[in-house]
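Trainee: I've got the model open next to the sequence and I'd like to talk through how it's put together. Can we go question by question?

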Amino acid sequence: MTESALAETVCARICHDLSSPVGALVNGIDLLREITPDGGAGELGMIIQTADRAAALLKFHRLAFGAVADRAASLRRAELRERIEMATSGPRVSLGWSALEGPPVALPVARLTCLLVLAARGCLGLAGGLKIILSARDALPVSVIAEGDRVGITPDQRRWLASAHDRHPDSREVEFALLPLAARAAAARILVSEGERQVALRAVAI
């Protein structure tokens, strides 16, 4: 087993072990919401939002960073969209989608899409928009475009995407180093292009 495969398995285990207590917390809060007169306003509402986000992040991170046990398995596009939006959208980041109608996405490509979104979010700066473009028929290509006033990609990030960096990234940029590995697992390669207020990351079939 390679170091990257071992790391993926560790991540999957952590997400698996945390999913039960977080799921129990969400279920308990749902019960409280039903019996609380105000329906979850105030402090309870804040707890509900936090628990829902924790559950969504676990699902997203398990897909993005965990091991893909069954490479023949797939994910419905609606579910892929839900996982990405719950984990990455916010008041400062808008998400746009293209080609949401179509066949399910193979898990290696779904994972690749999640990592592309994280990397594009890292290029975005404080605020802006992300556009996720899925292929209407085949699994590839997949594109994620970051648009904003302070969008940009650093030389280090480019080197990690090209598997040409001799330094390990920190936790805030680990997706750039993981993307080439995920691309190879999906029989793809990563292309990067820059324009005015825009960085586009694209995974295309080899």
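Trainee: Are H4 and H6 roughly parallel or roughly antiparallel to each other?

Mentor: The axes of H4 (residues 107-124) and H6 (residues 174-185) come within 9 Å and cross at roughly 155°. Axes are lines fitted to C-alpha atoms, for helices over the stretch in contact, with angles running from 0 to 180 degrees between N-to-C directions; helices (H or I, at least four residues) and strands (E, at least two) are DSSP runs, numbered from the N terminus. Angles under 35 degrees count as roughly parallel, over 145 as roughly antiparallel, 65 to 115 as roughly perpendicular and the rest as oblique. So H4 and H6 come out as roughly antiparallel.

Trainee: Before we go on, what pLDDT do local features need in this model?

Mentor: Residues are numbered from 1 along each chain as its sequence is written, and side-chain values use heavy atoms, leaving out hydrogens and water. The model is predicted: totals for chains, interfaces and linings use all residues, side-chain atom pairs count only at pLDDT 80 or more, and local features need pLDDT of at least 70.

Trainee: How many charged residues has the contact of H4 with H6?

Mentor: Contact means heavy atoms within 4.5 Å. On that basis Pro108, Leu112, Leu115, Leu116, Leu118, Ala119 and Cys123 in H4 meet Glu175, Phe176, Leu178, Leu179, Ala182, Ala183 and Ala185 in H6. For the classes, Ala, Val, Leu, Ile, Met, Phe, Trp, Tyr, Cys and Pro count as nonpolar, Asp, Glu, Lys and Arg as charged, and the others, Gly among them, as polar. The contact has 13 nonpolar residues and no polar ones, and the number of charged residues is 1.

Trainee: What covers the buried residues of H6?

Mentor: Buried means under 20% relative accessible area, exposed over 50%, and partly exposed in between (1.4 Å probe, protein chains only). In H6 the buried residues are Glu175, Phe176, Leu179, Pro180, Ala182 and Ala183. Their cover includes strand E6 (188-195), helix H5 (155-161) and H4.

Trainee: How many polar residues are in the contact of H3 with H4?

Mentor: On the H3 side you've got Leu80, Ile84 and Thr88, facing Ala110, Thr113, Cys114 and Val117 of H4. Of these, 5 are nonpolar and none charged, while the polar ones number 2.

Trainee: What is the relative accessible area of leucine 124?

Mentor: Leucine 124 sits in helix H4. Leaving aside neighbours within four places in sequence, leucine 124 is in contact with Val93, Gly129, Leu130, Ala146, Glu147, Gly148, Arg150 and Val151. Leucine 124 is buried, at a relative accessible area of 0%.

Trainee: And leucine 100, what is its relative accessible area?

Mentor: Leucine 100 lies in the loop between strand E2 (93-98) and strand E3 (105-106). Beyond neighbours within four places in sequence, leucine 100 is in contact with Arg77 and Arg81. Leucine 100 counts as partly exposed, with a value of 24%.

Trainee: Which peptide bond is cis, with omega near 5°?

Mentor: Most residues other than glycine have a negative phi, and most peptide bonds are trans. Look in the loop between strand E4 (128-133) and strand E5 (142-147), where you'll find proline 141. The cis bond, with omega near 5°, is the one from leucine 140 to proline 141.

Trainee: What positive phi does arginine 197 have?

Mentor: Arginine 197 is in the loop between E6 and strand E7 (198-205), and at 44% relative accessibility counts as partly exposed. Although arginine 197 is not a glycine, its phi is positive, at about 60°.

Methods. Expected span 1.5 Å × (residues − 1).
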